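Please look over the sequence and the structure that follow before reading on. The paragraphs after them go from single strands to a sheet, then to a helix, and end with the chain as a whole.

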Amino acid sequence: MILNSFLRLEPEYRDYIWGGDRLRPGHAPTAEVWVVWEEDRILSGDLAGRTLGEISSQFGESLLGKRTVDRTGKRFPILIKLLDCAQWLSLQVHPNEQQAVKLEDSLQFGKTEAWHILEAKPDAKLIAGVKDDTSPDILAAAIRNGSVIEHVQYAAVSAGDTIFMPAGTLHALGPGLLLYEIQQSSDLTYRVYDWGRPETEKRRLHIEKSIQVARADFAAQASPMPDCGDGTQQTLVQCEYFSLELLSANSNPIELDTHAESFHAITMIEGKGLLQSNKERVELEKFQTVVVPASLGKYQFQPIDGNCRALKASV
Ligand SMILES: [Zn+2]
């Protein structure tokens with residue numbers, strides 16, 4: 001069976017202590033929405049109720065695309081979240097492929113991620129890596145004795161910025177940020193420092209694993225929003241695990257094509273848009289996401305009521 005319909009997913013909401021009220025007004029605090037995830041369920045059509053992970057293993061290349069299956073087999077390889085940060089998140093770090101297999105188990109992906117900032121309060125900042133003069137020994141000692149925060153690199157960010165975060169980069173999101181996060185499908189997070197919050201069963205520190213994976217030689221840079229015209233597609237991130245593009249339109253449509261190489265995941269981040277294939281039309285409101293199966297081929301992205309922007313993720 002060939003998949004040729006747009007797949008709307010039921011997002012999963014997660015409430016953590018640092019969450020805000022912008023993702024789901026009236027349900028504060030909502031910290032994260034997992035808009036594309038292996039365990040999200042399909043909302044409509046013949047596959048309603050099945051999870052994205054189930055249909056990935058059943059349909060393989062038809063959903064995922066040739067390039068995806070060549071790289072990572074029939075598992076759905078990426079996870080996309082929206083995060084609303086009212087307080088500092090813990091300082092954390094993720095393992096790469098080899099470390100994930102060594103420290104956890106052979107089924108794990110590593111976790112390289114990228115952020116696209118949707119809203120930022122004027123003084124909003126985040127942590128992305130360590131200061132220039134940090135040696136591996138200094139970093140290890142500082143993680144162990146709780147002074148790691150003295151060695152991290154802060155970055156001021158504003159709406160439209162994109163930050164690419166290879167596995168091993170120490171990072172923390174700060175208050176006032178609302179962002180889109182794309183990553184390899186993994187929940188392997190080593191918490192390095194938690195701002196003095198009491199350690200609980202659910203919020204443990206992972207000191208020894210953090211020391212094994214944290215890079216002392218890296219700080220990530222924020223890239224500003226590229227120039228976007230009407231009906232344009234701009235690349236924000238391209239790495240071996242995923243690509244991220246910004247679609248901007250005011251009146252002109254954008255022609256898209258999966259080329260049977262990869263699925264696309266389209267998430268509206270501003271205004272309203274419409275996806276149209278030769279078979280169906282689907283409207284997208286702000287923060288809604290549709291997965292386009294790799295075998296769908298050509299389709300169009302169109303604005304509804306003027307300015308709109310969406311992010312397009314693929315492999
Ligand atoms: Zn992270």
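Two strands are said to pair if DSSP finds at least two bridges between them, and the strands themselves (E, at least two residues), like the helices (H or I, at least four), are DSSP runs numbered from the N terminus. What is shown is a predicted model, in which local features need pLDDT of at least 70 and side-chain atom pairs count only at pLDDT 80 or more, while totals for chains, interfaces and linings use all residues. Residues are numbered from 1 along each chain as its sequence is written.

With these terms in hand, one can begin with strand S7 (residues 113-120), which runs antiparallel to strand S12 (residues 177-184) and is joined to it by seven bridges; within this pair, Trp 115 has Glu 181 of S12 as its bridge partner. Both strands belong to an open sheet of seven strands with antiparallel pairing, in the order S2-S3-S5-S12-S7-S10-S14. At its edges lie strand S2 (12-14) and strand S14 (222-223), each of which pairs on one side only.

Another set of pairings gathers around strand S21 (residues 298-314). Strand S16 (residues 243-249) pairs with S21 in the antiparallel sense over seven bridges, and here Ser 248 stands opposite Arg 309. Strand S17 (residues 254-257) is joined to S21 by four bridges, again antiparallel, with Phe 301 of S21 as the bridge partner of Ile 254. Strand S18 (residues 264-276), also antiparallel to S21, is joined to it by 11 bridges, and Thr 267 stands opposite Leu 311 there.

Turning to helix H5 (residues 136-145), its buried residues are Leu 139, Ala 142 and Ile 143, where buried means that 20 or more other C-beta atoms, placed from the backbone, lie within 10 Å of a residue's own, exposed means 12 or fewer, and partly exposed lies in between. Because these residues cover an arc of only 100° around the axis, they fall on the same side of H5, the arc being that of the directions from the helix axis to the C-beta atoms. On the other side of H5, Asp 137 and Asn 145 are exposed. After H5 comes Gly 146, with a positive phi near 85°.

Taken as a whole, the protein chain has six helices and 21 strands, and 44% of its 315 residues count as buried. Its C-alpha trace spans about 60 × 45 × 35 Å along the principal axes.
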